[in-house]
Amino acid sequence: MCGFVGFLSKPGTFNSDSTNHILHCMANSVVNRGPDSAGYWFDPAAGIALGHRRLAVVDLSPNGSQPMVSSTGRYIIGLNGEIYNHQELRRSLKIRNERELSSLAAKPAITWRGQSDTETLLMAIEAWGLEGALEKVNGMFAFGLWDRELKTLTLCRDRFGEKPLYYGWQGRGSKATFMFASDLAAFKRHPEFLADIDRDSLSRYMRHNCIGEDNSIYKDIKKLAPGHLLSVSLAHREPRVWPWYSTVNMINKSVLEPFQGTAEEAADDLHKLLLEVVGEQMVSDVPLGAFLSGGVDSSLIVALMQSQSQSSISTYSIGFHEPGYDEAAHAQRVAKHLNTNHNEVYVTSQDALNVIPDLPKIYTEPFADSSQIPTYLVSKLARQDVTVSLSGDAGDELFCGYNRYQFTDKLWRKLKHVPLPIRDAGVTIATAMPSMLLDGIGSAIGVPRLSEKLVKARSVICAQSIDELYLGLVSHWSSADNVVLGVAEAQEISSLATNSLEALDPVQRMMAYDFIGYLPNDILVKVDRAAMSLGLETRVPFLDRRIVEFAWSLPLNYKLKGGVTKWPLREVLYRYVPPNLIERPKMGFGLPIGNWLRTSLRGWAEDLLDEQRLRSDGYFNPALIRKKWSEHLSGQSNWQYHLWDVLVFQSWLESHRSQIQRG
């Protein structure tokens with residue numbers, strides 16, 4: 001796991017000294033992603049520069065250093081990620097080379113300089129071509145590849161978006177520069193970076209608490225979409241972007257050609273696959289552990305790890321003192337049953353306060369999933385002992401785990417036939433009660449955070465289509481709010497604007513939207529940035545290509561079976577852990593932000609939500625925000641998510657104010 005940076009500009013734009021200085025500054029800005037060593041390579045005649053910060057995980061020797069030059073000298077690469085099957089690829093390359101040596105057109109034998117997966121990838125590209133190599137690669141990665149022969153830069157991102165990659169042209173005239181990096185922090189260290197806020201991106205952020213798809217908070221700076229390649233050169237300056245792997249096509253194909261065995265046979269096959277995948281992802285030359293919440297997904301990953309380890313693996317979890325949020329006790333019981341070396345820490349409002357000033361640095365563009373704080377804290381706990389941690393992320397999206405899937409399956413088919421005015425009247429009455437009173441009622445009847453759930457209820461219950469229902473479920477500020485000044489309406493996620501998933505069942509369609517949008521834009525961003533800010537590599541076994549494609553081939557009634565979510569995962573898990581340690585209502589990994597904003601975080605929030613300050617900055621509608629703040633403080637409503645979106649942006653803006661240009 002690492003971080004890389006680079007830029008391409010007309011030869012002579014920057015002399016060798018300035019190129020070297022800029023490259024060092026850019027690379028140093030991502031030192032957290034690679035604290036072990038640094039590497040630099042540039043070609044003044046071609047105008048290309050590559051920098052790299054390394055977190056050594058596989059082959060700790062200098063032989064794994066980057067940027068790395070291929071054996072023929074044609075390619076130079078900066079890679080962030082892990083190629084899990086690189087030993088298998090090496091064996092294939094050796095067989096291929098032996099065949100060529102025995103032919104009339106014999107080539108020189110492959111000479112390996114080390115054991116790194118980066119070198120394996122370069123050899124694979126030279127042997128099979130870029131897209132041929134990518135088809136064979138299994139891992140999480142993003143990289144920049146310079147082709148000396150064609151004088152072309154190629155950027156690549158893994159199938160499902162585990163690793164980040166930003167790019168874009170900046171500067172004007174003869175100083176125009178194409179920049180690329182693992183993190184936006186690197187762009188800010190280049191003298192041609194413009195730092196102009198994109199209000200459309202800000203609007204998307206306010207809807208979804210993250211900036212999704214191929215956008216960033218800055219104008220003309222994009223994210224490369226998962227499963228895509230980009231090619232650019234000084235001769236062809238307009239970037240050409242195309243998919244090397246289509247998740248949509250994979251989903252449609254898998255659903256149309258479903259698994260043919262029984263549900264029990266599916267669980268058996270899944271068990272074998274997961275054992276193989278988890279075993280591969282446990283390969284590391286540095287200490288390794290796992291996050292453990294005590295839920296189905298993380299407990300299964302830990303169980304499979306422990307079953308393949310001769311010693312107790314290290315596990316890590318977070319606890320809260322507030323009822324309705326604490327899962328630490330559940331994790332502890334699972335850890336005791338599996339005999340792991342378990343570690344936990346309880347989070348207080350003061351812990352949150354201590355992390356908040358660092359959020360703009362950890363997440364270098366606005367990101368407001370409040371579970372970012374416990375994610376950071378559990379990563380910090382793990383980093384004290386290990387350099388690599390496995391997680392259970394993506395289990396919900398692949399195996400039908402979210403409550404919204406159950407709601408859709410059980411209620412939507414009936415609810416959609418109820419006249420809209422009746423639905424609207426019912427939810428209006430329910431949400432008219434003060435949020436603190438609703439939470440009290442919810443606790444009494446066993447429905448924690450009831451006010452939160454009812455805030456979502458209006459947009460959900462009053463939906464007129466499955467897409468509208470989904471958008472309501474995943475939205476904070478809506479189009480009608482017009483909270484961002486200078487934008488007509490909040491943008492919807494692009495997945496909803498396509499017809500490519502229309503053939504799917506409503507629940508499958510929602511799962512696909514989550515897998516394509518919510519997972520890479522929110523969940524994976526949250527974990528990657530939090531962990532990598534501490535130099536901790538995270539691995540996600542459920543996102544192995546084999547698991548993903550197998551999961552999508554399973555009929556929906558295997559995943560949501562008899563009202564039980566994630567049925568195949570539970571069937572495998574209960575071969576290791578008794579059901580009574582797992583079965584309980586789903587809680588998620590959130591924070592009691594609503595209560596904290598009324599108490600310990602109130603002063604911090606009041607300062608950032610000052611009406612004059614909002615008006616002066618000119619990004620938001622101050623009256624609308626102040627109204628929600630007043631209603632939240634009084635307990636009349638629970639606007640914690642809406643307010644957290646504003647607060648995180650305001651905090652980010654304050655941290656980057658000296659660099660920002662008014663958009």
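Okay, let's start with what I'm calling an aromatic pair: two rings from Phe, Tyr or Trp, using the six-membered ring for Trp, with their centres within 6.5 Å. If the planes are under 30 degrees apart I'll say stacked, and over 60 I'll say edge-to-face. Keep in mind that this is a predicted model. With that rule, the count is 23 aromatic pairs.

Here's a stacked one: Phe141 with Trp244, 6.2 Å centre to centre and 25 degrees between the planes. What I like about this pair is where the partners come from. Phe141 is in strand E6, while Trp244 is in the loop between strand E12 (240–243) and H6, and they're 103 residues apart. Are these two buried or exposed? Phe141 is buried, because its relative accessible area is 1%, and Trp244 counts as buried too, at 11% relative accessibility.

Now compare Phe620 and Phe649. Their ring centres are 5.3 Å apart and the planes sit at 75 degrees, so that pair is edge-to-face. Phe620 is in the loop between helix H25 (611–617) and helix H26 (622–634), and Phe649 is in helix H27 (residues 640–655), which puts them 29 residues apart. Both Phe620 and Phe649 are buried.

Which residues make up its aromatic cluster? Phe141, Phe143, Phe160, Trp244, Tyr245, Phe515 and Trp552 form one cluster.

Arg90 lies over the face of Trp112, 4.0 Å from the ring centre. Over at Trp639, the charged end of Lys628 sits above the ring, 4.0 Å from its centre.

Okay, zooming out to the whole chain. There are 663 residues, and 60% of them are buried. The secondary structure comes to 27 helices and 17 strands. Accessible surface is about 25,400 Å², with 52% of that belonging to carbon and sulfur atoms. And if you take contacts between residues at least 6 apart in sequence, 74% of them join residues at least 24 apart.

So, the inside. Nonpolar side chains in soluble globular proteins tend to be buried together. Here the largest nonpolar core has 100 residues, and the members touching the most others are Phe141, Phe143, Met305, Leu398, Phe542, Leu543 and Trp552. Which helix gives the most to this core? That's H19, with 10 residues. There's also a second, separate core of 77 residues, including Phe193, Ile197, Tyr316 and Leu601.

Skipping its neighbours within four places in sequence, Met305 is in contact with Val278, Met282, Leu288, Gly289, Ala290, Ile313 and Leu390.

In H6 (residues 247–256), the buried residues are Thr247, Met250, Ile251, Asn252 and Ser254, and their cover includes helix H19 (506–532) and helix H20 (545–553).

As for where a couple of the cysteines sit, Cys25 is buried, with a relative accessible area of 15%, and Cys400 counts as buried at 0%.

Val69 lies in strand E4 (residues 68–69). Take Leu122: it's 53 residues from Val69 along the chain, yet their C-alpha atoms are separated by 8.2 Å.

The other one is Lys151, in the loop between strand E6 (139–147) and strand E7 (152–157). Not counting residues up to four places away, Lys151 touches Trp146 and Ser233. Lys151 and Ala235 are 84 residues apart in sequence, with 8.8 Å between their C-alpha atoms.

That's my tour.

Key. Residues numbered from 1 in each chain as written. Predicted model: local features only at pLDDT ≥ 70, side-chain atom pairs only at ≥ 80, totals over all residues. Heavy atoms only, no water. Helix = DSSP H or I, 4+ residues; strand = E, 2+ residues; numbered from the N terminus. Contact = heavy atoms within 4.5 Å. Buried < 20%, exposed > 50% of the residue type's maximum accessible area, 1.4 Å probe, protein only. Areas by Shrake-Rupley, 256 points an atom, 1.4 Å probe, with all protein chains shown as cover. Core = buried A, V, L, I, M, F, W, Y, C linked by side-chain atoms within 4.5 Å. Lys NZ or Arg CZ within 6 Å of the ring centre and 35° of its normal.
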